[in-house]
Amino acid sequence: MRRSIWRVVMTLGMSSCLLLGIAQAQAQTEGESDGLWFNVDTLNEGLGEPPEEVSRSTPREAIRSFLTLTDQEEYADAAHILNLADIDAVDQRERGAELARQLAEVFKRGDWLTASSLSSRQDAAIESTAGENPLAGQPRRDIELTALESGGEAYDIRMGRYSLEDDEPVWLIMPESVASISTLYDAYGPSWFEQQLPERLKVSLGPLMVWEWIAIPLFLLLIATLGWIIIKIVEFLAHLLPSGGITIFVMRIKLPVSLLVIAFITRTMLDYVVSFSAMATTTFRVLLVMIIAWSLGSIALRLVDTIMLNMARKLVGEIDDTKSRDERRFLTSLYAARRAIILFTVVGVSLYVLGQIQLFETLGLSILASASVLAVLVGIAGQAVLGNILSSFQLSLAKPIRVGDLVMFEGHWSYVEGIFYTYIRLRVWDERRLIVPVTYFVSKPFENLSVKSSKLYRYVELTLHISANINTLRKKFMEYAEQQEHVVENHRLMCAVTAQNGSQQTLTCYFVTAEPLLGWYTEVELREKMLTFIRDHHPEWWPRDIMVMSHDDIAKGEGAKMQKTIMATSEPKPKSDD
């Protein structure tokens, strides 16, 4: 009885242990399949055992083996880097070698792929000491090698980690990517031109093939000649157009138009006529994007400059505040648009180029990948420049001054002739130019005489004898002022004695002019006319100096002798009738 019970207990214990072991093994398998690799039942059965030259333990070793074998034209061996699960086993050897050859050509021309850029870890975990990648330290079982486009569709070439029963996991090109190799080869494979070349010219010589070292200089020479022809055509068309703003605009854009046309022609030739290796093609495409962006930005700038030139001509060649305030506001906005075009062009092209050449990865400047560090570096290095640029945008948006405004800045009576990125150009009344940094200008108080209207009060000040008749002078000033072309609002004309000192008085006559500079000329003319009137008709009204010979009061009349008073005047004494 006891033995029977004991046997039952032992049987149950062994069954429990067996079930627990099976559950643990299944959980481990599922965990490995989910997180570290893909479990497969078969792996490239039709290829046989991989040769010793093939190393597939890490992504870097797998791609390095693939590139080395394809360079040696060992395409059958290189096929071991492909997962041919979607191809029948009997066709895997022949079809795999052909796909390996095609993929090698795609890598050569489609993307500048290097094995050193891939992970050297078996689990392909991202190593990041700076900690900017949220996936750092996590194992991966598939990674992306590159993404290419064909016919407007995007195709990813990815590698996956596969495990076959008890064998070590290996890294292979995934079946989904293998299926797109033929499509990518049609887009990135050798062109018809390259297929006609002899095999001895297709040998690699450094980063390029022999035929590329010959073809690229000839290609550049052809493009340069085409650009020169386009410039001459644009110049010929400009001479056929009537003189004016259109002709000026066409002549200014001849170089940008030439570069734009040859850039599009070059891209077309690279896509359909000739295909270089990935390094040369990537370099060409980055340069072409820079040229296209610069050309479009330059054409836009030339258009704005031409409009600004026509505006300046409409303003009679001189930018001042006698013209419409809307015209001056529009001209100021054009200066702001010009700076915005330059800024967006430079920033856009810089970001694209940095993204294409992967500056932070290839040079290993991981410290610059931090936005905070980059912002500090840029802020320290370009503090003055950035301050001027931001201040210039502030002036253009808030418009405390406009192009053409008359300002009084540090004692200089001048017109705002231009608002640029880092400085303001002022035209002084004597035709001198003041170049003032924007930050310095906005940090100093200035007087804008055109902020509301170009009208300005001016005055003529005369110092006369106390005996001068103010009413006579007032009427004469009114008469002269009303005859002046640039005096406006005659109802605001005024003459008054504003000061008196002994035997002298100060007469001030006020008037309003339409524009400050013309007001100065009007002031000069009115002063000359008033002085001429006094000299010709009332010279006795000139101020006179009196010299006192005695301080005795003759009004008392008690034996006091009359003292003579000598009056010094600018006129000779009149002779006596006797």
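Which helix has an axis that comes within 10 Å of the axis of helix H17 (residues 470-482), and at roughly what angle do the two cross? The partner is helix H18 (residues 516-537), and the crossing angle is roughly 140 degrees.

## Basis of the model

This is a predicted model, in which local features need pLDDT of at least 70, side-chain atom pairs count only at pLDDT 80 or more, and totals for chains, interfaces and linings use all residues. Residues are numbered from 1 along each chain as its sequence is written, and side-chain values use heavy atoms, with hydrogens and water left out.

Helices (H or I, at least four residues) and strands (E, at least two) are DSSP runs, numbered from the N terminus.

## The helix pair H17 and H18

Axes are lines fitted to C-alpha atoms, for helices over the stretch in contact, and angles run from 0 to 180 degrees between N-to-C directions. H17 and H18 are therefore oblique to each other (angles under 35 degrees count as roughly parallel, over 145 as roughly antiparallel, 65 to 115 as roughly perpendicular and the rest as oblique).

On the H17 side, the contact (heavy atoms within 4.5 Å) is made by Thr472, Leu473, Lys476, Phe477, Tyr480 and Ala481. On the H18 side stand Leu526, Lys529, Met530, Phe533 and Ile534.

## The sheet

An open sheet is formed by 5 strands in the order S10-S9-S8-S7-S11, with antiparallel pairing. Two strands pair if DSSP finds at least two bridges between them. Strand S10 (433-437) and strand S11 (447-448) are at the edges with a single partner strand each, so one side of each has no neighbour in the sheet.

Strand S7 (residues 406-409) pairs with strand S8 (residues 412-419) over 4 bridges, and Leu406 has Tyr415 of S8 as its bridge partner. S8 is joined in turn to strand S9 (residues 423-428) by 5 bridges; here Val416 is partnered by Leu426 of S9.

S9 and S10 are also paired over 5 bridges, with Pro437 of S10 as the bridge partner of Tyr423. Their hairpin has 4 residues between the strands, and Glu431 takes a positive phi near 70 degrees there.

## Annotated spans

An unreviewed UniProt entry places the feature "transmembrane region" at residues 210-234, 246-266, 286-304, 335-355 and 367-390. UniProt positions are given in the numbering used here, feature names are shortened, and annotations may be inferred rather than shown by experiment.

In the model, residues 246-266 are 95% helix and 0% strand, with end C-alpha atoms 29 Å apart. Residues 286-304 are 100% helix and 0% strand, and their end C-alpha atoms lie 27 Å apart.
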